[in-house]
Amino acid sequence: MSAILSADDLNDFISPGVACIKPVETLPALPDKPDDDNGLETEVVLDGEHPTTATTGAGAPAQISLTDCLACSGCVTSAEAVLVSLQSHDELLNVLDQAPALQIRRDGVDGTYKVDGLENPDSKLFVASVSPQTRASLAAAAGRGVAKRDAGRMLTQLLAGRDGLSAGGKWNNAFTWVVDTNTARAACLVLGAEEASGEGRHIAKPILSSSCPGWVCYAEKTHPYVLPHISKIKSPQALMGTLLKTSLSRTLGISPDRIWHLAVMPCFDKKLEASREELTDSVWNGNGQPGRGVRDVDCVITSKEVLMLTDSRNMDFFSLSRERVSNSSRIPFPDSTLQDFLFSSHGGGGPVDATAGTSGGNLYYTLQYVAAKHPGSRVETTRGRNVDVAEFSVISASGDPLFRAARYYGFRNIQNLVRKLKPARPSRMPGARATRKIGGKSAGPDYDYVEVMACPGGCTNGGGQIKVDDPLVVERRGAKIQPGPQEQKEWLAEVDEAYFSAEDSESEISEATQKGGVDRGDSIGDISPTYIRDILAHWGRVTSIDIDKLVSTSYREVISDVGKSKVSDTERVVQLAGKIGGGW
C-alpha cells in the first residue's frame, strides 16, 4: 500500500471500506452450509472471520487472494486491509522449498541451452528483478558508507550467491538471474515519451502516467472517467515480468508456469499490480484478452520484507558480501542480445539527475525527448501550490509553448487533478452549453502529460520502504528517543541521496557496448531511443509476439458492491421463483 494510504499519515489519509464483499464460492466454505445458499454473497469482516449467526456458529478465517481484491472496490487499495495469503517473504520461502530448482546448462558443442529437472512438475526456474528505490532504502538502512551499488550487490548475494538463500532451506535453491528494473525502465521511458509526443497510439490528453499501481487502482475504482487518459505503457515491473516470462519460455522451450519471477519493490501496491489479469500470459500467450493465466510477476516483496526474509533464515542482511557474484557461477542469459540489454550499464548506470525525481523519471525524460525534437527549445518550470505539484513547459526558440506537462504526487493533489478532468454535466436549461468552470477558468487542465504518483515525495517514500522508526534502524543508529516527523524527513533525504548516486560503476560492459552498439548518436540522458526500439524489435522476433501486445496494458472500471442494500429473504425468494418460472 502506498505510504499515504496508511494510518501513519492521517493528513493525507483516505479511509478504506469497512468490509469486503465477495461471492462465497471464492472463499473457504462454511461448515454445514445449506445447499440452497449457493451463489449468494456473504460479508467478510476485515479481521478475517466470517459473520456468525445462531445457526452457523463461528467460521474459519476467510482468506482472499489479491486477484479477488481487484474485483471489489470496497477499499482504495486492500494490500493491508485483508488477509493476503500470497506474495510475501513466507510464500517465497515456501516456493523455494517446494522442489529442486530447474537447472540451466549450456551445451559446450553447439551452445544450445538445456533444462534439467523438468520431470518434476513442481520444479521452477527462479528469476528476480530489483528496483533502484529498494536498493536506495537498503543502502540508507545499512548506514553511511554503503552505496546503492553495494546494496544491490548484497541483494544479489542474498538471492543468487552461495552464502545467501541457497545456503539454507530444503533444496538449497537460488535464483538463476537477478536483473535490474532500470533496464525495463529505459524501455518504458522511450515508449512513454513516444506516446506523449503523439508518435504512438492516440490517447486522450492529458496523458496520465501509469507506473503507480496505487493511483491506477484509485482511478479504476473511484474515477473511471479518467481511464481513457491513462498511459497504455506497462510499468517497469510489469514490462520486466513480461520480458522474462516470454523470452525465457520461448528460448528454453518451457511453459511460462515453470518460471517463477520475484520482484523486489518499494511499494505494497505493486503486489496488487502483479495480480492484475491484464498482466498474465492470457494476453500474450492466449486469446489476447485479460484472464486468470500465468502471472508475469509471481511474487512481490518490499524493501521491509527483504529484512524479514533474511531474519526468517537467521541471516543478517547487512553482513552479506558487497562483492559481485562470481562470474564462474553465472549462467549467461539464453539470448545474447537480451543478455547485453539486461546486464549492461546503459540503462541508468550513472548518477540520476535530481530533477528527474525518485519515481523513474517519466516526466523528466518526456520533456527532454520533446525538447530534443525541437533544437533551441528550453524547459521552464513553475512551482505549484506545494512541493508535490509543479508545471513544466517546453518553449520553442521563438518563445512559443510546444508542450505542457505537470507533476501531481499524493492523493490530496491527485483529487484536485481528477476533479478538473471530470466531464461537464449537461445544463438543464434549454439551449445552454455544457460547461463547468472552477474559479472562473475552464475546468479541463491544459496539459499534454501529467506524472501521477500516489506517494508524496515519490517512490522512495513508498509504503514498503524501510522507515526511520523501524526497530532495526533505531537499533543500528543507536537512537535514544523515538524518531519523529523531522527525523523521517531527514531519513528520506538520505534515501534520496542514495537513489541519486551512481549505480554499479564496475558492471560488466558487453561487447556490443564496447563497440558502440548502444550509443546510436541520439541518446537522451544515457538512453538511446533507437537502441531501445531495436531491442524491442528483437524481443518481438524472438517470441513471435506482436510488440504492442508485449508492452501495452489496459484498464477497466471496477464497480463496488460495498454499501449496497442487502437483499431481504422475501426478495431472494421472489428472485429464485422468477428464475425457475414460478409465475410471481
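1. Contacts of Q133. Beyond the residues up to four places away in sequence, Q133 touches P266, T358, S359, G360, C459, T460, Q465 and Y499, where contact means heavy atoms within 4.5 Å. Q133 is found in helix α3, residues 132-142. Helices (H or I, at least four residues) and strands (E, at least two) are DSSP runs, numbered from the N terminus. Q133 is buried, at a relative accessible area of 7%; buried means under 20% relative accessible area, exposed over 50%, and partly exposed in between, with a 1.4 Å probe and protein chains only. A polar atom of the Q133 side chain lies 3.0 Å from the backbone oxygen of T358.

2. Basis of the note. This is a predicted model, in which local features need pLDDT of at least 70 and side-chain atom pairs count only at pLDDT 80 or more, while totals for chains, interfaces and linings use all residues. Residues are numbered from 1 along each chain as its sequence is written, and side-chain values use heavy atoms, with hydrogens and water left out.

3. Which residues are closest to the centre of the largest cavity? The whole structure holds seven cavities of 30 Å³ or more, and the largest has about 340 Å³ of space. Of the 29 residues that line the largest cavity, Q133, S211, K270, S359 and C459 are the closest to its centre. The elements that give two or more residues to this lining are α3, α5 (181-196) and α7 (236-252). The largest share, five residues, comes from α5. A cavity here is a set of points on a 1 Å grid over the protein atoms alone where a 1.4 Å probe fits but cannot get out, and lining residues have an atom within 4 Å of a point. Grid points are joined across faces, edges and corners, and a volume is the space filled by probe spheres set on the points.

4. The five-strand sheet. The strands of this open sheet follow the order β7-β15-β12-β11-β10, and the pairing is mixed. Two strands pair if DSSP finds at least two bridges between them. The edge strands, each pairing on one side only, are β7 (207-208) and β10 (378-383).

5. The antiparallel part. β10 and β11 run antiparallel and are joined by six bridges; they form a hairpin with five residues between them. R378 has I395 in β11 as its bridge partner. Strand β11 (residues 389-395) also pairs with strand β12 (residues 401-409) in the antiparallel sense, over seven bridges. F392 stands opposite A405 in β12.

6. The parallel part. β12 and β15 pair in the parallel sense over five bridges, with V452 in β15 as the bridge partner of Y408. β7 and β15 also run parallel, joined by two bridges, and here L208 has V450 in β15 as its bridge partner.

7. Cover on β15. Is β15 mostly covered or mostly open? β15 is mostly covered, with five of its five residues buried. On one side these are Y449, E451 and M453, and on the other V450 and V452. Helix α13 (residues 411-421) lies across β7, β11, β12 and β15 (449-453) and runs at about 130° to β12. Axes are lines fitted to C-alpha atoms, for helices over the stretch in contact, and angles run from 0 to 180 degrees between N-to-C directions.

8. The four-strand sheet. A further open sheet has four strands in the order β6-β5-β8-β9, with parallel pairing. Because β6 (177-180) and β9 (299-302) stand at the edges with a single partner strand each, one side of each is left without a neighbour in the sheet. The twist from one strand to the next averages 20°. Strand β5 (residues 125-130) pairs with β6 in the parallel sense over four bridges, and V130 has D180 in β6 as its bridge partner. Helix α2 (residues 89-96) packs on the sheet, where it touches β5, β8 (259-265) and β9, and its direction makes about 155° with that of β8.

9. T310. This residue, T310, is found in helix α10, residues 303-312. T310 counts as buried, at 2% relative accessibility. Leaving aside neighbours within four places in sequence, T310 is in contact with L158, M315 and F317. The backbone oxygen of L307 lies 2.9 Å from a polar atom of the T310 side chain. T310 and G164 are 146 residues apart along the chain, and their C-alpha atoms are separated by 8.6 Å.

Methods: Polar contact = N/O pair within 3.5 Å; in protein donor to acceptor, adjacent residues only side chain to side chain. 1 Å grid on protein atoms, 1.4 Å probe; cavity = no way out; pocket = protein on both sides within 12 Å on 5 of 7 lines; lining within 4 Å.
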